[in-house]
Amino acid sequence: MMRRGGVTAEDLLDAWLYEADPVAGCRNCAAEKRKLDQAVEAGDRRARFAAAQAIRQCGHGTGA
Ligand SMILES: [Zn+2]
């Protein structure tokens, strides 16, 4: 894999796939962010994507 400035194409793809913007004060976001962090530590890409997706699709307090 070509490297430029230490950032691989995979890194950039990951940044998009796993983009998540948890909202402060949203319990669902907080819970999913914990899952996401755990998935990162575990190297579990599927769980990481699932958690990031859950944050993106979160209604931010309109639900639970
Ligand atoms: Zn939320």
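Is the crossing of H2 and H3 left-handed or right-handed? It's left-handed, and the rest of this report looks at what surrounds that crossing in what is a predicted model.

## The overall layout

The protein has three helices and zero strands. Reading from the N terminus, you get the order α-α-α.

As for burial, 14% of the 64 residues count as buried. Now take the contacts between residues at least 6 apart in sequence: 49% of them join residues at least 24 apart.

## How H2 and H3 pack

The axes of H2 and H3 sit 8 Å apart, at an angle of about 160°. Angles over 145 degrees count as roughly antiparallel, so that's the label for H2 and H3.

On the H2 side, the contact is made by Cys29, Glu32, Lys33, Lys35, Leu36, Ala39 and Val40. H3 brings Ala47, Arg48, Ala51, Ala52, Ala54 and Ile55. Sorted by class, that's nine nonpolar residues, four charged ones and no polar ones.

Nonpolar side chains tend to be buried together in soluble globular proteins. Here, the largest nonpolar core has six residues: Cys29, Leu36, Ala51, Ala52, Ile55 and Cys58.

Leaving aside residues up to four places away in sequence, Cys58 touches Cys26, Asn28 and Cys29.

How values were computed
Residues are numbered from 1 along each chain as its sequence is written. This is a predicted model: local features need pLDDT of at least 70, side-chain atom pairs count only at pLDDT 80 or more; totals for chains, interfaces and linings use all residues. A nonpolar core is a set of buried Ala, Val, Leu, Ile, Met, Phe, Trp, Tyr and Cys residues joined through C-beta atoms within 7 Å. A residue is buried if 20 or more other C-beta atoms lie within 10 Å of its own, exposed if 12 or fewer, and partly exposed in between; C-beta atoms are placed from the backbone. Two residues are in contact if their C-beta atoms, placed from the backbone, lie within 7 Å. Axes are lines fitted to C-alpha atoms, for helices over the stretch in contact, and angles run from 0 to 180 degrees between N-to-C directions. Helices (H or I, at least four residues) and strands (E, at least two) are DSSP runs, numbered from the N terminus. Angles under 35 degrees count as roughly parallel, over 145 as roughly antiparallel, 65 to 115 as roughly perpendicular and the rest as oblique. A crossing is left-handed if the near helix is turned anticlockwise from the far one by less than a right angle, and right-handed if clockwise. Ala, Val, Leu, Ile, Met, Phe, Trp, Tyr, Cys and Pro count as nonpolar, Asp, Glu, Lys and Arg as charged, and the others, Gly among them, as polar.
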